[in-house]
Amino acid sequence: MLEIAGIAGMILFFQGPAKLFGLVGAYSYGLYLIHQPYVIWLGLRIREVPIWIFLLICIPTLAVLSAWGMLLEKATNALVNKLASLRKPTHS
């Protein structure tokens, strides 16, 4: 908890990262559901690489998985909202 509070305190000073963390946080559950199979698959393949190559692989992978998770969650929310609006009875 202290790490999270410390990071949150540091982010307050930088508006760009604060907005990015807020955006990722808004979609964190979708990201959690999406990332696990991909991360396990990738982790098994890069287990033996040096740490600097690991970081070069992980940082772009996290960015791509975040974007993919956000896209899927937005599409799912749009579909659910559309289906929910079709089920609502119209009042006259």
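Trainee: What share of the 92 residues of the chain counts as buried?

Mentor: Burial is read from relative accessible area, where buried means under 20%, exposed over 50% and partly exposed in between, with a 1.4 Å probe and protein chains only as cover. In this predicted model, 12% of the 92 residues of the chain count as buried. The chain exposes about 8000 Å², of which carbon and sulfur atoms supply 73%, the areas coming from the Shrake-Rupley method with a 1.4 Å probe.

Trainee: Which conventions apply to the numbering and to the atoms used?

Mentor: Residues are numbered from 1 along each chain as its sequence is written, and side-chain values use heavy atoms, with hydrogens and water left out. As this is a predicted model, local features need pLDDT of at least 70 and side-chain atom pairs count only at pLDDT 80 or more, while totals for chains, interfaces and linings use all residues.

Trainee: How many helices and strands does the chain have?

Mentor: Helices (H or I, at least four residues) and strands (E, at least two) are DSSP runs, numbered from the N terminus. The chain has four helices and zero strands, in the order α-α-α-α from the N terminus on.

Trainee: What radius of gyration does the chain have, beside that of a compact globule?

Mentor: The radius is taken over C-alpha atoms, and the globule rule is 2.2 Å times the number of residues to the power 0.38. A compact globule of 92 residues would come near 12 Å, but the chain has 18 Å, and its C-alpha trace spans about 65 × 35 × 20 Å along the principal axes.

Trainee: What span does α4 reach, and which of its residues are buried?

Mentor: The expected span of a helix is 1.5 Å times one less than its number of residues. With 37 residues, α4 reaches 52 Å from its first C-alpha to its last, close to the 54 Å expected; Cys-58, Leu-65, Ser-66, Gly-69 and Met-70 are buried in this helix. An α-helix has 3.6 residues a turn, so residues three or four places apart point the same way.

Trainee: Is Ile-46 buried or exposed?

Mentor: Ile-46, in the loop between α3 and α4, is buried because its relative accessible area is 9%.
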